[in-house]
Amino acid sequence: MSVDIEKLAQQEYKYGFVTDVDQEIAPVGLNEDVIRMISAKKDEPQWLLEWRLKAYENWLTMKEPTWPNVHYSPIDYQSISYYAAPKNMPKLESLDDLDPEIKAAYDKLGIPLDEQKMLAGVAVDAVFDSVSVITTFKKTLAESGVIFCSISDAVREHPELVKKYLGFVVPANDNFYAALNTAVFTDGSFVYIPKGVRCPMELSTYFRINAENTGQFERTLIIAEEGSYVSYLEGCTAPKRDENQLHAAVVELIAHKDATIKYSTIQNWYPGDSEGKGGIYNFVTKRGRCVGNNSHISWTQVETGSAITWKYPSCILEGDNSVGEFYSVALTNRRQQADTGTKMIHKGKNTSSTIISKGISAGFGQNTYRGLVAIGKDASGARNYTQCDSMLIGDKCGAHTFPYIEVKNSTAQMEHEASTSKIGEDQIFYCQQRGLSAEDAVSLIVNGFCKDVFKELPFEFAVEAEKLLSISLEGSVG
Amino acid sequence: MLEIKNLHVSVEDQEILKGLNLTVNKGEIHSIMGPNGSGKSTLAQVLAGRDTYEVTEGEIIFEGKDLLELSPEDRACEGIFMAFQYPVEIPGVANTYLLREALNSVRKYRGQEPLKHIEFAKYAKEKMKVMDISDNLLKRAVNQGFSGGEKKRNEIFQMQILEPKFAILDETDSGLDIDALKIVANGVNALRSPERAFVVITHYQRLLDYIVPDFVHVLVDGKIVKSGGKELALELEDKGYGWIEEEKTAANS
């Protein structure tokens, strides 16, 4: 079985369309005036504007990280527009008010915003470029006290919660991209689950970049009060464009005593063409704090898109007996590069963490796992299990692993398993002999490889993830 | 049904098959025996379409079609099945899942509707009984952690599911105890029909007590040097391959 590189070029990114809507776009470039403009557009309180400006000031002194194992031309931050919104956006009372073009765009993505047509039990917040255009099932959720809305709405309607928790996990000056995000973030989702409430439906946000030369800087904040439970999923797509576009998000999760947050991502930003032209730069800071005892945060990610991915969804395990999990599938095909992994910071006693990472490289893709497990000196009885597997398809791609382990407490139990395998020609031939095409065989084998991660996804999305993986692998075998 | 003419096959420039001829008709069972390295497994792999083997000369006609022109999956869909000598493990892929995908792929090729979950489960149930396959074995990842016997039984179970027209069994008896051997043989015999043919590759006469062949061929150094009925296998068991090679040398001198 020889890998036909030519065929790699032929695969199609099916979400690459552009929607024609009247846009309001900020002039390119970043300065204090742009930040003031964004803040004013959103009717923000003074403290928030000041927070943004402080972050901007910090950002100016910070340097873009160069340690990730990815390569790209320098980004000109003054050539990006930091705000794009569909024009004449009234505050939507119902779906009928939504621009039909935007609604059509989401329909095309397979995300009907119509509550009747929705998957039962999934509420959606749709973010189009810089703004949230609609949140479904708000009323149903409100009955159980759950708040699910755009972060802009939350700033207006629940200022005390936002003020208390924004930056609680990721401080404004945490890193270069987080500081940039803090200065210019435009929208994103806000979730609040009150004490003792099990959120009655899956919550999800679909991020869509549409406008040209813009960045998307969303901010998501999820707070789970004592004894509550929530499962949240985000999906992402963008049109095909020759220019690279920047996506620098910040996600903060806070789990109080006995609370559980499951956060799943299916990331399918435009990956660029076979020559590596275009595609999204996905530079994201995601972190959760298990502040209460027995709290639980679980990250599951399926990363198939983006030209470059830089992302480490992490858990800070502060409460005793708290649990952090990271399940990841990262696929790099064509010229895609990913440097992704997690940090598990154990502070409380008897805290435990699990890391399962599955990296798949095809074409000229370069896939890096980077992870830190740190056991603090007071974290007696801490446990970590890490399994880090890489699969190579073809002979032009690469897999890299950088695990860091820091243990300051001698009672810690650490397990680390790692493997790298080339997808076996024997396996492919075996499946072919049973009647499957080479491509279906690869897809079957890769899905099997990823099974430990997919089973962590909500059922509907697990099916979606499998399909997505198959599509992303199309053409990787000749 | 199958006609192999003057087949020459090389691996990395080393010729393994050196002008092999074989004709298999519907309803027949042929057994191929021969010393290690004589080219038995090569023949099986070439029939199934493994591309690491280069056919340098000759042809294979299967039901009027040029087999060498078909991809491995198309051969499978045309009704060719190989029970592997060393079945591979596919982690994370449930045995039942692979089988349903495979069956539906074959059905699609033949213009039939795919079987739904429940229909497939019902269909598989019957076959499971014949092969003594447990639910557990069906749910486990393909061949992963299977014992040698389980792997071989699973191969024949897959054959039962796919109901091929023509099956090649590559040393399916190796490593089997007598009970497992009987199960495997039962599985093959259950599929025996006037419409179906088998090529059974084996080292031992023992298997042929249970799967009774119509013809036995001896493969030595890439060629069939002797053919006969079932009794030839007994003679080989008794005398080894040496005498055939001597006969051959004598004939050539």
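Student: Which residues in H2(A) meet which residues in H3(A)?

Tutor: This is a predicted model: local features need pLDDT of at least 70, side-chain atom pairs count only at pLDDT 80 or more, and totals for chains, interfaces and linings use all residues. Residues are numbered from 1 along each chain as its sequence is written, chains are lettered from A, and side-chain values use heavy atoms, without hydrogens or water.

Contact means heavy atoms within 4.5 Å. From H2(A), A:Glu32, A:Ile35, A:Arg36, A:Ile38 and A:Ser39 meet A:Leu49, A:Arg52, A:Leu53 and A:Tyr56 of H3(A). By class, that contact has five nonpolar, one polar and three charged residues.

Student: How is the packing of two helices described?

Tutor: By the angle between their axes and the distance between the axes. Axes are lines fitted to C-alpha atoms, for helices over the stretch in contact, and angles run from 0 to 180 degrees between N-to-C directions. The axes of H2(A) and H3(A) come within 10 Å and cross at roughly 155°. The two helices are therefore roughly antiparallel (over 145 degrees).

Student: Is A:Ser39 buried or exposed?

Tutor: Buried means under 20% relative accessible area, exposed over 50%, partly exposed in between (1.4 Å probe, protein chains only). A:Ser39 is at 3% relative accessibility, so A:Ser39 counts as buried. A:Ser39 sits in helix H2 (residues 32–41) of chain A. Not counting residues up to four places away in sequence, A:Ser39 touches A:Glu44, A:Leu49 and A:Arg52.

Student: At what angle do the axes of H3 and H8 of chain A cross?

Tutor: Roughly 145°, with the axes of H3 (residues 46–61) and H8 (residues 176–184) coming within 7 Å. Residues in the contact include A:Trp51 and A:Trp59 of H3(A), and A:Phe176 and A:Leu180 of H8(A).

Methods
Helices (H or I, at least four residues) and strands (E, at least two) are DSSP runs, numbered from the N terminus. Angles under 35 degrees count as roughly parallel, over 145 as roughly antiparallel, 65 to 115 as roughly perpendicular and the rest as oblique. Ala, Val, Leu, Ile, Met, Phe, Trp, Tyr, Cys and Pro count as nonpolar, Asp, Glu, Lys and Arg as charged, and the others, Gly among them, as polar.
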